[in-house]
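Here are my notes for a first look. Please keep the model open as you read.

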Amino acid sequence: MDPLHWHKIAAISGVAAVGLGAYGAHAFKPQNAAYKEVWHTASLYHLVHTAALLAAPITKRPHVFGGLLSAGLVAFSGTCYAVALLEDRKYSTLAPFGGFAFMAAWASLLF
């Protein structure tokens, strides 16, 4: 895979991040207000790590960095979106793995 493909993945993720963020800010009305904060956290991490994904092609190991960030986006932000939307924390089991994937992506820049 060409390292520049990460820009396309970042573009798709960015569109989703902005759309989901707008939904969370304007249309998402959970019964329990605490889930609004969970959605906000998902949206924040989604957007920040999508921006970081743009740097993947200029890293030493673009596929490691990009793959770990993408895994983190799905596992952390995706899980948080699901928890908030369903208003049930029992769906949160993958979130820690997503957090570790984010940390591993950033740590991969050291090597």
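How many residues has α2, and how far does α2 reach from its first C-alpha to its last? The points below start there.

1. **Basis.** This is a predicted model, in which local features need pLDDT of at least 70, side-chain atom pairs count only at pLDDT 80 or more, and totals for chains, interfaces and linings use all residues. Residues are numbered from 1 along each chain as its sequence is written, and side-chain values use heavy atoms, with hydrogens and water left out.

2. **Helix α2.** α2 has 20 residues and reaches 29 Å. That is close to the 28 Å expected at 1.5 Å a residue. The expected span is 1.5 Å times one less than the number of residues. Helices are DSSP runs (H or I, at least four residues), numbered from the N terminus.

3. **What α2 buries.** Buried means under 20% relative accessible area, exposed over 50%, and partly exposed in between (1.4 Å probe, protein chains only). The buried residues of α2 include Tyr35, Trp39, His46, His49 and Leu53. The buried residues of α2 pack against α1, α3 and α4.

4. **His46.** His46 sits in α2. His46 is buried, at 8% relative accessible area. Beyond its neighbours within four places in sequence, His46 is in contact (heavy atoms within 4.5 Å) with Ser13, Ala16, Ala17, Leu20, Leu73, Ser77 and Tyr81.

5. **Ala17 and Ala22.** Both belong to α1. Ala17 is buried, with a relative accessible area of 3%. Neighbours within four places aside, Ala17 is in contact with Ser43, His46 and Leu47. Ala22 is partly exposed, at 35%. For Ala17 and Lys60, 43 residues apart in sequence, the C-alpha separation is 26 Å.

6. **The core.** Which residues touch the most other members of the largest nonpolar core? They are Val38, Leu53, Leu69 and Ala84, in a core of 21 residues. α1 (5-26), α2 (34-53), α3 (62-86) and α4 (95-108) each supply at least two residues of this core. The largest share, 8 residues, comes from α3. A nonpolar core is a set of buried Ala, Val, Leu, Ile, Met, Phe, Trp, Tyr and Cys residues joined through side-chain atoms within 4.5 Å. Leaving out neighbours within four places in sequence, Val38 is in contact with Cys80, Val83, Ala84 and Arg89.

7. **Aromatic rings.** The structure holds 8 aromatic pairs. Rings of Phe, Tyr and Trp (its six-membered ring) pair if their centres lie within 6.5 Å. Tyr23, Phe28, Trp39 and Tyr81 form one aromatic cluster.

8. **Salt bridge.** The count is 1 salt bridge, taken as a side-chain nitrogen of Lys or Arg within 4 Å of a carboxyl oxygen of Asp or Glu. Lys90 forms a salt bridge with Asp88, their closest N and O atoms being 3.9 Å apart. Lys90 counts as exposed, at 56% relative accessibility. Asp88 counts as partly exposed, at 27%.

9. **Record.** An unreviewed UniProt entry lists residues 6-26, 38-58, 64-84 and 91-109 under "transmembrane region". UniProt positions are given in the numbering used here, feature names are shortened, and annotations may be inferred rather than shown by experiment. Residues 6-26 are 100% helix and 0% strand, with end C-alpha atoms 30 Å apart. Residues 38-58 are 76% helix and 0% strand, with end C-alpha atoms 32 Å apart.

Technical notes: Phe/Tyr/Trp six-rings, centres within 6.5 Å; stacked < 30°, edge-to-face > 60°.
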